[in-house]
Amino acid sequence: MEEKDDEGESVCRLVQPEGLFMRVKKNSIPRVQISTPYSTRPEGDIRNTVGNIPMEWYQDYPHIGYNLDGKKIFKPIRNKDELDEFLDKMENPDYWRTVHDKTTASDIRLSDEQVDLVHRLQKGQFGDVNFNEYEPSVDFFTNEVMIHPVTNRPQDKRSFIPSLIEKEKVSKLVHAIKMGWIKPRKPKETTPQYYDLWAKEDPNAILGRHKMHVPAPKMRLPGHEESYNPPPEYLLTEEERMAWEQQDAEDRKLPFLPQKHSCLRAVPAFSRFIHERFERCLDLYLCPRQRKMRVNVNPEDLIPKLPKPKDLQPFPTTMSLVYIGHSSLVRSISASPTGQWLVSGSDDCTVRFWEVNTGRCMKTLEVGGAVKSVAWNPNPAVCLVAVESTVLLLNPGLGDRLVVSSTDQLITSYEPPEEDKEQAVTWALSEGPEHDNGHRLTLTHPKAVKQVVWHGKGDYLASVMPDNSSNLQVLIHQVSKRRTQNPFRKNKGLVQCVSFHPLRPYFFVATQRYVRVYNLIKQELTKKLMTNCKWISSMAIHPGGDNLICGSYDCRLAWFDLDLSTKPYKMLRHHKKALRGVAYHKHYPLFASGADDGSVIICHGMVYNDLLQNPLIVPVKVLKGHQITHDLGVLDVTFHPTQPWVFSSGADATIRLFT
């Protein structure tokens with residue numbers, strides 16, 4: 001749009017869609033005249049409504065125009081002089097993009113888009129970035145000159161006479177403003193509004209009549225215990241006070257302790273006053289404003305249908321025998337593969353051999369140290385017992401004489417290799433009185449051994465020496481060749497217990513929180529099981545080899561289905577104290593766990609051949625009998641190899657047989 005300015009020069013006035021008016025003198029740097037749309041103005045910005053008039057008219061007035069509400073817009077208190085302008089130019093980094101707005105006498109900082117627009121106009125480009133100057137022209141009207149105009153009607157008179165209807169409307173608005181019917185816009189209130197949630201408690205009010213409305217919960221009225229001088233039976237004794245302090249805040253019957261004062265003057269301020277008021281406000285605020293319709297479900301339908309324990313027999317139910325003889329904790333027990341004999345190791349530095357059916361102690365051997373673990377060789381053709389202290393291999397000389405003599409023959413028939421390799425363990429053949437006592441081989445380890453366990457075939461033996469600083473924690477020994485090897489180069493954490501897979505060449509290593517499964521042939525890690533326990537204490541593998549149970553010191557028993565997941569299939573929390581031992585039965589679908597609460601829990605654990613059917617786990621019996629000694633209860637459990645019987649050893653220096 002072209003117009004003349006004050007000096008009479010030709011000026012281009014460009015109207016932009018953003019609301020930015022640019023006045024550009026022809027052949028010169030553009031002069032910018034800003035008129036920002038009201039919606040894009042910053043908060044607190046004023047808009048002058050006087051229109052397009054010379055601002056010199058307001059020179060002699062203290063104000064410069066009127067805002068949307070008809071209020072005067074006052075000029076700034078002092079105008080900038082040359083010195084202010086110079087300082088602003090030096091110090092203000094945005095000075096180059098600041099423009100003075102005459103209509104409001106304020107400085108406006110141009111945005112990046114507006115600065116880009118100025119640059120585009122200086123270069124002689126179009127104001128709109130998206131405008132395509134090379135669009136194909138469309139011939140909207142015919143190019144043939146027509147003789148007659150489309151319409152030759154003269155202009156209406158109303159088009160150049162002021163409108164009477166508009167005049168009437170304006171006069172009505174003026175009258176309404178004078179009468180006070182139309183009020184100027186009220187400023188928005190920023191103060192938060194508070195209202196009473198429960199004010200409409202009147203039953204005749206809409207909320208009260210609402211069928212699903214819930215009235216505000218009423219506070220309990222104060223009783224005698226809240227009195228400043230309550231009756232003596234309401235005051236707590238020292239024991240009750242101690243019990244009250246140990247309880248959680250939710251479990252306490254009273255949120256305060258009743259106190260007796262001589263007079264009302266002596267009553268102190270209530271320390272939990274603010275806290276109590278806040279909780280009351282929370283009760284009101286979080287109280288559901290609507291009744292939820294409850295689904296009527298029979299609670300018995302929610303309990304899973306478990307078979308009756310009678311249908312799951314046989315399992316041990318009664319204590320039949322107590323094996324007495326040890327004088328200290330019996331840490332470990334193991335049954336012979338025939339089920340005729342039982343070996344036990346105790347803190348009284350002895351290993352005892354028992355006849356299962358009579359409870360008679362057949363043999364007692366001194367081993368010169370507390371026995372943490374004993375293991376009878378599972379191979380029926382070999383009669384060997386591994387005892388942990390330094391790891392002794394004993395031939396107890398019990399049972400079939402042919403088996404006893406063939407075992408001795410197996411040990412003496414060893415021929416040392418020509419090249420003697422250096423091993424982590426020294427093997428020594430026992431002689432003299434030790435040999436007569438039953439000692440056959442001594443494996444001297446560099447550190448104290450916590451556990452010994454046999455492979456199912458009976459030739460290999462693993463020993464555990466827990467030590468977080470070393471990678472020499474697990475050793476595997478071959479008895480027939482008297483060889484020892486360390487299967488691990490790296491230390492993956494403190495090893496708690498190990499076990500061989502009953503069928504496949506897998507080796508299970510339980511550290512504090514994980515169970516790692518290694519393939520011994522491929523020599524690689526195949527699985528890492530997350531037990532979700534804080535500290536594993538014991539581990540047992542199902543005879544089928546696809547399931548595993550882990551006991552832990554935080555009272556949990558985790559059942560893993562190895563084909564299903566690396567996380568527990570079931571977590572059982574039946575014991576009240578730390579679990580010390582877990583065991584599977586070789587032939588019956590039973591597993592047992594012993595804990596520091598002095599009980600042995602027998603569970604039915606049926607594993608199906610159909611892979612789609614999950615294992616069935618049902619607790620069937622709690623066996624009690626062991627006395628808790630020094631906060632320790634049952635330390636080890638093991639099943640009889642053929643009968644549904646369970647042996648348990650405890651801190652009360654006894655072994656018990658449940659049948």
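Visitor: What makes Glu238, Glu239, Glu240 and Glu245 a negative surface patch?

Guide: Glu238, Glu239, Glu240 and Glu245 form a negative surface patch, because patches are made of residues with over 30% relative accessible area and no salt bridge, like charges being joined within 9 Å and nonpolar side chains (Val, Leu, Ile, Met, Phe, Trp, Tyr) within 5 Å. Lys and Arg count as positive and Asp and Glu as negative, while His and the chain ends are not counted. The place of a charge is taken as NZ of Lys, CZ of Arg, CG of Asp or CD of Glu. The model is predicted: local features need pLDDT of at least 70 and side-chain atom pairs count only at pLDDT 80 or more, whereas totals for chains, interfaces and linings use all residues. Residues are numbered from 1 along each chain as its sequence is written, and side-chain values use heavy atoms, with hydrogens and water left out.

Visitor: Why is Glu238 called exposed?

Guide: Glu238 has 56% relative accessibility, and exposed means over 50% relative accessible area, buried under 20% and partly exposed in between (1.4 Å probe, protein chains only). Glu238 therefore counts as exposed. Glu238 is placed in helix α5, residues 238–246; helices (H or I, at least four residues) and strands (E, at least two) are DSSP runs numbered from the N terminus.

Visitor: Which residues make the nonpolar surface patch, and what is its area?

Guide: Leu173, Ile177, Met179, Trp181 and Ile182 make a nonpolar patch of about 550 Å². Accessible areas come from the Shrake-Rupley method with a 1.4 Å probe, and for residues only the protein chains shown count as cover. Leu173 belongs to helix α3 and has a relative accessible area of 47%, so Leu173 is partly exposed.

Visitor: Where does Ser171 lie, and what does its side chain reach?

Guide: Ser171 also lies in helix α3, residues 164–179, and its relative accessibility of 41% is why Ser171 counts as partly exposed. The Ser171 side chain reaches the backbone oxygen of Glu168 at 2.7 Å. A polar contact is a pair of N or O atoms within 3.5 Å; within protein, one must be able to donate a hydrogen and the other to accept it, and residues adjacent in sequence count only if both atoms are side-chain atoms.

Visitor: Why is Gln496 called buried, and what does its side chain contact?

Guide: Gln496 has 4% relative accessibility and therefore counts as buried. Gln496 is found in the loop between β22 (483–485) and β23 (497–500), and its side chain makes a polar contact of 3.1 Å with the side chain of Trp535. Gln473, in the loop between β20 (460–464) and β21 (474–478), is at 3% relative accessibility and so is buried. The side chain of Gln473 reaches the backbone oxygen of Gly493 at 2.8 Å.

Visitor: How do you know that Arg153 and Asp156 meet in a salt bridge?

Guide: Their N to O distance is 3.1 Å, and a salt bridge is a side-chain nitrogen of Lys or Arg within 4 Å of a carboxyl oxygen of Asp or Glu, so the pair qualifies. By this rule the count comes to 11 salt bridges. Arg153, Asp156 and Arg158 are linked in a network of salt bridges. Arg153 is exposed because its relative accessible area is 60%, whereas Asp156, at 25%, is partly exposed.

Visitor: Which other residues form salt bridges?

Guide: Among them are Arg331 and Asp347, with an N to O distance of 3.0 Å. This pair links distant parts of the chain, 16 residues apart: Arg331 is in strand β10 (residues 330–335) and Asp347 is in the loop between β11 (341–346) and β12 (350–355). Another salt bridge joins Arg360 and Glu355, the closest N and O atoms being 3.8 Å apart. Glu355 has 17% relative accessibility and therefore counts as buried.

Visitor: What is noted about the peptide bond joining Gln313 and Pro314, and about phi of His630?

Guide: Most residues other than glycine have a negative phi, and most peptide bonds are trans. The bond joining Gln313 and Pro314 is cis, with omega about 10°. His630, a residue other than glycine, has a positive phi near 50°; His630 is exposed because its relative accessible area is 71%.
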